[in-house]
Amino acid sequence: MPKIDPEKEKREILNAYRGLLRASRRSRDKKDTALIRKAFNVALDAHKDMRRKSGEPYIYHPIAVARIAAEEIGLGTTSIVCALMHDTVEDTDITLEDVETLFGEKYRRIIDGLTKISGVFDQTSSIQAENFRKMLLTLSDDVRVILIKISDRLHNMRTLDSMKREKQLKIASETSYLYAPLAHRLGLYAIKSELEDLSLKYKEPSVFQEITHKLKKTQAVRNRFVHRFGLPIKRELEAQGYKFEIKGRTKSIFSIWNKIQKKNIPFEEVYDVFAIRIIVDTDTENEKADCWKVYSIVTDFYQPNPDRLRDWISTPKGNGYESLHTTVMSPTGKWVEVQIRTRRMDEIAEKGYAAHWKYKDGSKESESGLDVWLSSIRELMENPESDALDFIDDFKLNLFSEEIFVFTPNGDLRTLPSSSTALDFAFDIHTQVGEKCIGAKVNHKLMPLSHKLKSGDQVEIITSNKQRPKEDWLNFVVTAKAKSKIKTSLKEERKKIATDGKEILQRKFSHLKVNFTSENITELLTFYKLDSATELYYRIAKGNLDLSKIKNLVVKGKNLKVKAPRKSKKDSLDQLVTNVRGKSDMLIIGDNMEKIDYTLAQCCNAIPGDDVFGFITVSEGIKIHRVNCPNAIQLMSNYGYRIVKARWTNQELIEFLAGIKFTGIDDVGLVNNITGIISSELNVNMRSISFESYDGMFEGKVMAYVHDTNHLERLINKLRKVKGVLEVERIDTN
């Protein structure tokens, strides 16, 4: 470790503090400055003996978080103070009572929301999910908690290099699972994009580097194109007296990768790698008219694609985003997206919620989509689920990116996530309307509850007082509100039925002369392998339990006793986690590990050479997943303590099943050439092969046994060289 120069560090810390003051210059007076200084001094003293993994003084982190909150989100003094203090209660001797004494009750409440839950947990639940839930419960009360937490996460992601690989994967997974969607929903587009890019950097480093390299290589070409494309528009806007700015906006690395994955195309074929953004300075009352005038000027020079016009000025997105998007044909024969917005719209798009409130005038502005969303969150959080993972899943449903606009019979506009059903719409109108819904008229035609709605649909809900929520409704609703209300209603119904079951059990106990005590109920739960008394009573009422077996459990003293109490799920999982972690810090796949079973997870079928991790399951030992497995994000986000580092040994004698898909131009002898390469040239055993031909094109799939990723890559490269084959890619084998 390099020698520390205390004086130099002190100067650097003061410089960082002065940078924070400069970043908050617009929003503070002398009183604010004194309050920020006080928070800085308290945090500096509290963290004086602490250092980050990188070796630098810990105080750099809270200063950086406070600066992000002030500079990149636009938050004020209260948030800056809380950001400076955000880790003190969790990591130092300072208590919440100290915070309240020093700064006041409002500051205590925000810092409490930023402090992780401590204490002993049932390891079968998720500590991460419990902490997520605690943080999210404050969203409806004070959104600043989330905004500071997003600032904290952004700085952690920017400084993730000093962490171990498995810690990087866990933090990156949490970020893409919850923090990036949250930033998006609160309108923080710049931060959301950076969080996604940084997550990709640590989860798929080679992909990230490749796209970064290609973007740098094509930067000069893009700059020239933006200049040439914008020149005629610039001249016309100047002639008409507009104040404006034209710039190119490159798509985020994550968005490019996402498009490559979804469309199955190479980087070179992503046509919207960048967009042209035109920002107009205009008065609030002229915003809409001026944006459409600019649209008219753009389309005078370039032919628009009528299917690609997006008007988020007339109908803003749910997170407050306003902009006019069109796609036009450039002189070089490429489609280019043009985004037209005002300076106010651009600031809201970049700084989201904080900018939204800066421009909001409550006396004349109607409730925005962001206000409506926060109201729906408050409603969802009135009765949060006892299971934190369920709660997080339901909450994530509200972080949708795609929206549809649906009308009531009176012509009122409602915003819903895409894929919403008629039943989602009913619950969006009112909980009681949803619970009593039996059908809907969509555009005056009778449709079932599960009918998926489209933008522009007009929906009338049909209700009946006899209707009650049903279990299968959960299979087709997509909104968090509908899912939450249905679950709550089903639980209430279950409790009513359970009351009858309780009476039946009381009569049975009375007949057997057994005391109706909590100890005896616990013995029954153990015997029937159930988790709760409510579930026991419910099953009794439904006639799903054989109560005649109880007489075999009766012992002296009017009590019940199960002879061999079963080992709890918690104990077995705790023991397994301890066993695995006690064996080694690294799981070596291929070694003959004593008493520890591991299998390859079928969701991603890892093969040697893949970047992998082990996940400790309750009953199936350790499952090996690829780092880019579809389920990896959720597992690492919610069950980080059950993740084990893993790597492969040399396994040239072992074969693993891998899937390969290829497309191309149909030609005589093509199938023979492909199968010849697979079986002859590389001595690969095939399990199955299938080909489909249509309109002169073919698509084929091969399931073959390979030794590792290098072996698979050699095979794919050979197949790419076959005449007529256009694309070859690895696919999952399940």
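Is Phe-691 buried, partly exposed or exposed? The views below include the answer. The model is predicted: local features need pLDDT of at least 70, side-chain atom pairs count only at pLDDT 80 or more, and totals for chains, interfaces and linings use all residues. Residues are numbered from 1 along each chain as its sequence is written, and side-chain values use heavy atoms, without hydrogens and water.

**View 1. The ring pair of Phe-662 and Phe-691.** Aromatic rings of Phe, Tyr and Trp (its six-membered ring) pair if their centres lie within 6.5 Å; planes under 30 degrees apart count as stacked, over 60 as edge-to-face and the rest as tilted. The structure holds 14 aromatic pairs. One is the tilted pair Phe-103 and Tyr-107, with centres 5.9 Å apart and planes at 45 degrees. In the tilted pair of Phe-662 and Phe-691, the centres are 5.7 Å apart and the planes at 50 degrees. Phe-662 belongs to strand S18 (residues 656-665) and Phe-691 to strand S19 (residues 685-694), so the pair ties together parts 29 residues apart in sequence; strands (E, at least two residues) and helices (H or I, at least four) are DSSP runs, numbered from the N terminus. Phe-691 is partly exposed at 30% relative accessibility, whereas Phe-662 is buried at 1% (buried means under 20% relative accessible area, exposed over 50%, partly exposed in between; 1.4 Å probe, protein chains only).

**View 2. The pair of Phe-103 and Tyr-107.** Both residues are buried: Phe-103 has a relative accessible area of 12%, and Tyr-107 has 8% relative accessibility.

**View 3. The loop residue Arg-25.** Arg-25 sits in the loop between helix H1 (6-23) and helix H2 (30-46). Its relative accessibility is 55%, so Arg-25 counts as exposed.
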